[in-house]
Amino acid sequence: MEKSNDKILDEVTSGEYKYGFYTDIESDQIPRGLSEDTVRMISSLKEEPEWLLEFRLNAFRHWQTMKMPSWANLKIPDIDFQDIIYYSAPKKRSSPESLDEVDPELIKTFDKLGIPLSEQKLLAGVAVDAVIDSVSVTTTFKETLAEHGIIFCSFSEAVKEYPELVRRHLGSVVPYTDNFYAALNSAVFSDGSFCYVPKGVRCPMELSTYFRINAANTGQFERTLLVADEESYVSYLEGCTAPARDENQLHAAVVEIVAEKSAEVKYSTVQNWYPGDRDGSGGVYNFVTKRGICKGDNSKISWTQVETGSAITWKYPSCILRGDNSIGEFYSVAVTNNHQQADTGTKMIHIGKNSRSTIISKGISAGLSQNSYRGLVKVLKNATGARNFSQCDSLLLGERCGAHTFPYLEVDNQSAIIEHEATTSRIGEDQIFYCNQRGISTEDAVGLIVNGYAREVINKLPMEFAVEAQKLLQISLEGSVG
Amino acid sequence: MDSETKIDERYAELFRSRIEQISAGSAPFINSLREEAFGRFRELGVPDRKSEAYRYTNLEPLFSHHYHDYIIPDAGDLNYARNFECEVEDLDVHNLVLVNGFYPPNGGALKTIDPGVSLGSLTEAAVSQSEVVERHYGRYAASDEDGLIHLNTALATDGVFINVPEGVRSEKPVQIVNLVRSEKDIFVQHRNLVVVGEDAEATIIICDHTVSPNNYLTNAVTEVYVGANARFTLIRVQNEHNKAAKLTHTFIHQERGSYASSVNITLHGGVVRNSTYHHLGGEGAHANAAGLYLTDRTQHVDNFVSVNHAVADCTSNQLFKGVLDDVATGTFNGRIVVRPDAQRTRAYQSNNTILLTDDARMDTRPQLEIFADDVKCSHGATVGQIDDNALFYLMSRGINRREARLMLMFGFAHEVVQEIPVEALQRRIDTLVMQRLRGELTRCASCMMRCRESVQ
């Protein structure tokens, strides 16, 4: 029994990373290294206005004064920031008018990834902005969205066409002084998605951004800005993959969300960057700052994430609940296997009266991986009636993995009710036995139990993603149950 | 030079200027560890708020205050200590009194109570029972993070030594009363060592009091060794004035099959930080850590607990509760660490706090670090108010709101108080808690000594 278990574990954990291919696309790159000149070069390549260059330079100067943070429960090798290519764009790019003009290699890439780029796939009903390496290559469904007055385009395009909107909100939620990686991103960010949903509009389809790192030795620094005006609603999906490479790649993104009065934003991520091979070499360092602000009363921001990839994940999607009665939600499944490390969680900052937040975090660690939940719930003095419920469960699969929980509860108001619960356990032999007895193989049983365990979170994902997430979960865990 | 370096420099100077004097009154073995410990302190410094363990407790103002660092208590203080009587009714204990971290001279001898149980000054024990002291002293109080522990090893003046030999069940608890009494602002560093041999049993009550109203800073380290199948209980009752700062570090090392329980009751204190470390070093051991903090005004209480499951088949439980009033602040840092191979661990942790005002503040961090898979661990934390439903239930049965609230809070606190296995003390603490919750308790009223000089 022991043996066969191990074998199954082995098989389950050794699932191949199926997005590890590399597409041979010619790309424009700037030389390695980072200096003020690099920042200026990126800015001029993108023909940016003066104020944006100023923003970048300020960020860069501030970044130079900062040190890599070391407080996370992660072992991060020294990163040589001079050895990274900060800008890489697929060539042959003159703002494609239709898909016919897009490099066929690119289309193939996205086809392989199963992303409905071609507009024929109307049925899929998802508007996609695809970002490869540093540049947004195409955005679908623009016209349909435009009819509703929704702006959904690449960040560079937004800077050119809606400079006022971008300027007003850029850095308003994540200022460049926020942290080391946010400062770096603010200095060298290449592209990303921009979305604006006007007053009273309910976005008729899911918006989605697909990120892919393709070229070698490059870092990806994209920036997403999402503004939901009063009484609007938008659901936004984000997916990421990268080729399998021996060296580590750096991904430092920033996502900012602004939800005005009574607006609702749902942001879902399926993060599947290349996690490195079984021995822990290669893989993406995923150091991401994501934060939303519930600016107006009755607004709501909901983060859902399924984290299965990346060699190292350092990510805390957060909500600033400034409006009265605003709601923040965080649903997360983080899976680590082999040598992966994850330190992820959320921050809920309660400022408005009667603001509410829910945190459901499910960590699954297997192999030799380390999986930490780190979350802050902060209730400020005036947040009367604030309510939080957090539940952080960890599932351990394998004898050599670690699961850690670091909640921080800071409460400054007597009427607040804050609850935190966490449990850590492994799959019980009795549970497996129960399934075996009913003719379910051990591997299927483990899949069943893990899926049930993560269901609470996966259910929160839009349907298109839920299916993918469930599959990912199965692949990431192949062979890890014991 | 920033304030941090200044503080470290100040204590370096203190070490250089006082070390001879301190060493002269101490034992050779204890002195032999000072130099190295001081080096470690210089490396680590006084923890600042960037240190995760002290994130919510700011030590800077405490350590930048000018204290008279080394004061040998005069005859009056020692007499005071000799005549000290504990006020708790029916409390049948062996009593020891320390003044400003000094053990009143007893002619160089240790007291013997029960068969073979010796207690007395650590300095004297380091000479007369050198073998025991050398085997245990400095072994368990090891930290790579907290410079204060090394500062204590470097500067400790004296403290209590208790040795319960193999197989002896010491029925009567030992009470250690730490008095701080001085006309000047002083910095006190004492050090206790408790050795409970195999199959032995001991209960210790440590009471922390301040007698005169000056600024005091105490940095105390207690090391406890609990042998195989032994039982040990430590109860700490803290009742100091608002200008006193108390930093205690308690290290409990547990062997196979042992049981150790630590209960911290903080009734009053300016700044209180209790660090309790349970190290489960032998299979089948059980650790129990509990704490209660009832604070008001500007008091700050920080409970730091670390339970380290180093081997398989151990269990642990942590229960910390508090009621914060006025602008009081509270902190709980609980940590369960399950090392690789510590399979079949069962570890639980819970922290509940009631905030009575909008200005009171609670920061809590219940943490789990788990490196083994066959474990069951859970932690829970709540911060909030009294349950409205429970209040309604009582009120609907004719109990007025005020009484009903008191009953609920008393019940809330009693869950920790009942962890005290000494009946007389448990009754006394219950009474104090009730008075405290009614707001009838001034510091002096709750004082467990008959304060003969000045009853303010």
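1. Which residues of S14(A) point one way, and which the other way? A:Lys300, A:Ser302, A:Thr304 and A:Val306 point one way, while A:Ile301, A:Trp303, A:Gln305 and A:Glu307 point the other way. All are buried, buried meaning that 20 or more other C-beta atoms lie within 10 Å of the residue's own; 12 or fewer make a residue exposed, anything in between partly exposed, and the C-beta atoms are placed from the backbone. In a regular strand the side chains alternate between the two faces of the sheet.

2. The model is predicted: local features need pLDDT of at least 70, side-chain atom pairs count only at pLDDT 80 or more, and totals for chains, interfaces and linings use all residues. Residues are numbered from 1 along each chain as its sequence is written, and chains are lettered from A and ligands numbered from 1 in the order in which they are written.

3. Strand S14 of chain A spans residues 300–307, and eight of its eight residues are buried, so the strand is largely enclosed by the rest of the structure. Strand S12 (residues 264–271) of chain A is joined to S14(A) by eight bridges and the two run parallel; two strands pair if DSSP finds at least two bridges between them. In this pairing A:Lys266 stands opposite A:Ser302. Eight bridges also join S14(A) to strand S17 (residues 327–336) of chain A, again in parallel, with A:Val306 opposite A:Val333.

4. Chain A as a whole has eleven helices and 24 strands. These are DSSP runs numbered from the N terminus, helices being H or I of at least four residues and strands E of at least two. Of the 482 residues in chain A, 58% are buried. Contacts (C-beta atoms, placed from the backbone, within 7 Å) between residues at least 6 apart in sequence join residues at least 24 apart in 83% of cases in chain A.

5. Helix H3 (residues 50–64) of chain A has 15 residues and reaches 21 Å from its first C-alpha to its last, close to the 21 Å expected at 1.5 Å a residue; the expected span is 1.5 Å times one less than the number of residues. A:Phe55, A:Arg56, A:Ala59, A:Phe60 and A:Trp63 are its buried residues. Seen down the axis of H3(A), they fall within an arc of 130 degrees, so they line one face of the helix; the arc is that of the directions from the helix axis to the C-beta atoms. An α-helix has 3.6 residues a turn, so residues three or four places apart point the same way. The buried residues pack against helix H2 (36–45) and helix H8 (180–188) of chain A. On the face of H3(A) turned away from this buried side are the exposed residues A:Glu50, A:Glu54 and A:Gln64.

6. Helix H11 (residues 423–438) of chain B has 16 residues and a reach of 23 Å from first C-alpha to last, close to the 22 Å expected at 1.5 Å a residue. Its buried residues include B:Leu425, B:Arg428, B:Ile429 and B:Leu432. B:Gly439 follows H11(B) and has a positive phi, near 80 degrees.

7. Between the chains, 32 residues of chain B are in contact with 32 residues of chain A. On the chain B side, strand S19 (361–370) and strand S20 (375–384) are the elements that give two or more residues. That side divides into 14 nonpolar, nine polar and nine charged residues; Ala, Val, Leu, Ile, Met, Phe, Trp, Tyr, Cys and Pro count as nonpolar, Asp, Glu, Lys and Arg as charged, and the others, Gly among them, as polar. Strand S23 (residues 402–411) of chain A is joined to S19(B) by six bridges, and these strands run antiparallel. A:Thr405 has B:Leu368 as its bridge partner.

8. B:Ile176 lies in strand S5 (residues 174–180) of chain B. B:Ile176 is buried because 26 other C-beta atoms lie within 10 Å. Not counting residues up to four places away in sequence, B:Ile176 touches B:Leu96, B:Leu98, B:Val160, B:Ile204 and B:Ile206.

Methods:
Contact = placed C-beta atoms within 7 Å.
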